[in-house]
Amino acid sequence: MLEKLEILFRLPCAFRRLTGYYCPGCGGTRAFRALLHGRIRESLYYHPLVLYMAIVFALCAASYLFARLRGKKSAFVVHMWMIYVGVGITALNFFIKNAILYVYGIPLL
């Protein structure tokens, strides 16, 4: 039943349809689903940003919990370099997967 529901709500990527190449977010949903099922390597394969964001979120949540237990407000701050790393991961994922598709004709997703 769950698989039928997933097929019903799966939308095609407009960027992929128009260009034939992967968009910067292609594979993100599959990566998130794989991470929820504990398949870390598969999640990294589909889109490494998902694991990076899960780690940042876990650090943020742990920092917040630790600060609250100590009676403080919050200790975790999202720095600009964290955002730059996320943008860099997305850009590398986009260029590498599309280069493999273009040069070798191998569809990775």
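Let me begin with a definition: helices (H or I, at least four residues) and strands (E, at least two) are DSSP runs, numbered from the N terminus. This is a predicted model, in which local features need pLDDT of at least 70 and side-chain atom pairs count only at pLDDT 80 or more, while totals for chains, interfaces and linings use all residues. Residues are numbered from 1 along each chain as its sequence is written, and side-chain values use heavy atoms, with hydrogens and water left out.

First, the overall picture. The protein chain has six helices and zero strands. Its mean pLDDT (the predictor's confidence in each residue, from 0 to 100) is 86, and 88% of its residues reach 70 or more. Confidence is lowest in helix 1, residues 2–9, with a mean of 56, and highest in helix 4, at 95.

Of the 109 residues, 23% count as buried. Here buried means under 20% relative accessible area, exposed over 50%, and partly exposed in between, with a 1.4 Å probe and protein chains only. The chain exposes about 8500 Å², of which carbon and sulfur atoms supply 71%. Such areas come from the Shrake-Rupley method with a 1.4 Å probe; for residues, only the protein chains shown count as cover.

I turn now to helix 3, residues 28–36. Which of its residues are buried? They are Gly 28, Ala 31 and Ala 34. Seen down the axis of helix 3, these buried residues fall within an arc of 125°, so they line one face of the helix; the arc is that of the directions from the helix axis to the C-beta atoms. On the other side of helix 3, Thr 29 and Leu 36 are exposed. The buried residues pack against helix 4 (40–46) and helix 5 (48–69). Just after helix 3, Gly 38 adopts a positive phi of about 85°.

Ser 43 belongs to helix 4 and is buried, at a relative accessible area of 0%. Setting aside neighbours within four places in sequence, Ser 43 is in contact (heavy atoms within 4.5 Å) with Ala 31, Ala 34, Leu 35, Pro 48 and Val 50.

How many salt bridges does a search of the whole structure find? There is one, joining the side chains of Arg 39 and Glu 42 at 2.7 Å, N to O. The criterion is a side-chain nitrogen of Lys or Arg within 4 Å of a carboxyl oxygen of Asp or Glu. Arg 39 is partly exposed at 37% relative accessibility, and Glu 42 is partly exposed at 29%.

Tyr 84 is exposed, with a relative accessible area of 56%. Tyr 84 contributes to a nonpolar surface patch of about 720 Å², together with Val 78, Met 80, Trp 81, Ile 83, Val 85 and Val 87. Patches are made of residues with over 30% relative accessible area and no salt bridge: like charges are joined within 9 Å, and nonpolar side chains (Val, Leu, Ile, Met, Phe, Trp, Tyr) within 5 Å.

Asn 93, by contrast, is buried at 9%. Not counting residues up to four places away in sequence, Asn 93 touches Pro 24, Cys 26, Tyr 46, His 47 and Pro 48. The C-alpha atoms of Asn 93 and Cys 23 are separated by 9.7 Å, although the two are 70 residues apart along the chain.
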